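Biologist: Could you walk me through this complex? I'd like to begin with how the chains meet.

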Amino acid sequence: MSDDYKFDTLSLHAGHVPDAQHGSRAVPIHQTTSYVFRDTDHAAALYNMELGGHLYTRISNPTVAVLEQRVAALDGGVAATATASGMAALTTAVMTICSSGDHIVASSRMYGANINLLENTLPRFGITTSFVAPDDVDAIRDAIQPNTKIIFGEVIGNPGLDVMDVEAVAAVARDAHVPLMLDCTFNTPWLLKPVSLGANILIHSLTKWMGGHGVAIGGAVVDGGNFDWGKDDRFPTIAGPHYAMNEINFHEEFGPAAFTAKFRAEGMYNFGPSMSPTNAFHILQGIETLPLRMQRHMDNTAAMLTFLTEHDQVAWVKHPTLPTHPSHELVQRMLPRGAGSIIVFGLKGGRAAGQAFIEAVQLSSHLANVGDAKTLVIHPASTTHSHISAEAMREGGLSDDMIRLSVGLEDIADITADFELGMRAAARVAAQAAE
Amino acid sequence: MKHEQDGVSIHIATGGVDFDPQGQVLVFLHGSGQNHLTWVLQSRFFAHRGYAVLAPDFPGHGLSGGTPLTSIEAHADWLIALLDQLGVGSATLVGHSQGVLVAIEAASRYAGRIDALALIAGALAIPVNDMLVETALAKPAKAARMMTSWGHGPAAHKFDNTLPGHAFLGFGRRVMEMNDQAALHADLVACNSYVRGKDAAASISQPTLCLLAAKDKMTPAKFGHKMAESIADATAVTFEDAGHFLPAEFPVEVNNALSGFLSR
């Protein structure tokens with residue numbers, strides 16, 4: 001029999017044992033920039049990665065480390081590193097692997113900032129990306145070049161809700177010896193642990209369901225420990241002599257945790273994308289109830305899908321669990337607990353009706369976030385994806401009339417009653433337009 | 001560093017410092033199904049404190065090539081041949097688990113080559129239950145999961161870790177997956193078959209430090225104490241909250257104990 005704690009238990013305990021001095025049951029907030037070294041030898045050992053421990057909060061912090069270890073435990077990784085945001089996690093992960101001249105194959109249907117980073121920012125640093133449909137495994141394979149260093153996508157795309165077949169894409173990545181990096185913000189480890197299907201590096205925006213209460217921005221990078229960086233000479237900054245620490249070879253010194261060792265030694269050190277200890281504390285509070293919240297998110301999402309698909313004012317509804325979704329069969333196999341609590345839909349009357357809906361609801365909050373305990377709505381074309389070109393919007397499967405709903409934990413009767421307010425406003429606009 | 005022995009490429013961690021055979025040589029010997037990564041928090045630490053560190057991957061393990069050795073005696077012979085080829089006159093051996101058996105066998109038969117012993121989470125015999133041996137043959141990944149789970153103590157199961165962000169269980173399993181698929185089974189059979197421990201211990205006169213883990217389910221501490229009692233010049237230290245993977249679980253305490261012993 002395994003001694004390993006189960007998911008719900010790890011959500012509460014992983015990463016933390018009450019300290020011997022005070023016995024604090026809750027994770028203490030170590031709100032400090034620095035740590036007193038015992039002597040010069042101790043300081044040198046920490047700087048040279050001879051010992052574990054903390055030397056400066058830009059690199060690591062005891063409260064943040066609890067969060068990191070909890071996320072690593074929940075995802076089944078060898079390690080995790082927390083960052084100031086999900087975008088900081090992605091950017092630093094890319095910078096840890098890629099150098100100028102390298103190439104990425106990425107999903108064309110992702111969160112606007114993910115697209116922006118790859119399409120507009122990274123080329124300035126010599127890192128280019130080929131965008132392909134996330135559900136076209138052959139296209140992903142065909143887009144791989146000799147200099148491809150990452151295959152990147154979202155398990156459940158934001159906001160288009162395209163679903164990637166993780167196992168199939170992982171097989172392509174494995175054959176090409178390219179790490180598969182996945183943004184797992186919409187699935188969380190409660191819905192899917194992609195490392196178990198062969199994904200190598202996971203990106204989380206902890207701001208969303210993991211934290212779950214809309215109080216702290218944060219991100220994390222999980223190292224699956226299942227990519228052989230030293231198999232060939234394609235990843236010389238991880239599996240070759242590095243400029244730091246007397247030409248350390250992270251692959252030889254840290255084995256399966258080589259990526260994380262470099263991420264912390266170079267990424268956290270040079271780029272400084274650190275999470276604040278207080279934010280780590282807030283996110284830890286959220287993770288304690290992740291299993292409970294996710295179940296309720298799934299229950300309310302199922303109810304809202306029924307409400308929307310049956311409503312006369314609704315033109316279309318998209319969610320991976322609906323039989324009309326192109327990945328419905330995959331979702332049943334890969335995401336048996338549910339496919340997230342984001343629903344996108346369009347109203348009869350198009351964009352104007354959608355705007356009327358958003359301005360009429362009173363309980364649901366109109367804001368640029370998802371995964372909050374509270375129900376949220378937004379119109380992506382005018383907000384989260386407003387920096388994306390019209391062509392990229394179309395390629396990403398986004399329409400002008402799309403409303404993104406992040407289903408919260410309120411009583412479902414109150415959510416549907418609120419939506420009826422929005423529907424009535426939308427109906428008035430649609431009727432006026434028709435006259 | 002890479003070293004070729006008997007036509008096989010052998011990986012040896014030297015702690016990030018070029019190996020000097022004229023230095024005070026410290027050889028770290030990993031356990032069953034493990035490799036040099038047992039010693040992540042020892043190899044760099046001691047290499048940067050003046051010791052000439054060798055943490056080899058036995059054949060078929062970690063980054064070494066070749067096929068796994070099949071007996072503890074063969075491991076001891078292989079170790080001495082390695083020291084010969086590297087120009088090392090004598091060395092202190094630090095063994096973990098199966099590495100303890102290799103260390104006492106080498107110290108017994110090659111007494112002039114071994115200065116001292118540090119024996120971590122070990123015993124004079126390491127019998128392995130049939131179920132684990134059979135699982136290691138038929139389903140090595142499952143056996144690795146079982147060993148990683150049993151081998152870690154209570155704090156490790158709560159993912160308390162001195163290395164920020166690191167997860168013992170995930171890391172432990174991946175380390176074992178790096179090895180040749182046959183490695184774990186060969187190692188467990190070698191442990192099971194080794195019966196010279198008592199005789200070897202009786203002949204050991206080198207100073208010996210035994211570091212034992214009170215929560216060790218793989219080689220319970222009571223057998224470690226018997227080992228210490230069987231060696232003429234041995235001292236035992238027990239870590240109350242540690243499991244079998246003591247070097248990773250309590251690296252600071254282990255390194256302090258080793259440092260004190262080495263500078264005696």
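Modeller: 42 residues of chain A are in contact with 31 residues of chain B; contact means that the C-beta atoms, placed from the backbone, lie within 7 Å. This is a predicted model: local features need pLDDT of at least 70, side-chain atom pairs count only at pLDDT 80 or more, and totals for chains, interfaces and linings use all residues. Residues are numbered from 1 along each chain as its sequence is written, with chains lettered from A and ligands numbered from 1 in the order in which they are written.

Biologist: Which element gives the most to the side of chain A that touches chain B?

Modeller: α3(A) does, with six residues. Helices (H or I, at least four residues) and strands (E, at least two) are DSSP runs, numbered from the N terminus.

Biologist: OK, chain B. How many helices and strands?

Modeller: Chain B has 12 helices and eight strands.

Biologist: And what share of chain B is buried?

Modeller: 59% of its 264 residues. Buried means 20 or more other C-beta atoms within 10 Å of the residue's own, exposed 12 or fewer, and partly exposed in between, with C-beta atoms placed from the backbone.

Biologist: What about chain A, how many residues and what part buried?

Modeller: Chain A has 435 residues, and 54% of them are buried. Its secondary structure comes to 17 helices and 12 strands.

Biologist: What box do the C-alpha atoms of chain A fill?

Modeller: Roughly 80 × 55 × 45 Å, along the principal axes. The C-alpha trace of chain B spans about 40 × 40 × 40 Å.

Conventions. Contact = placed C-beta atoms within 7 Å.
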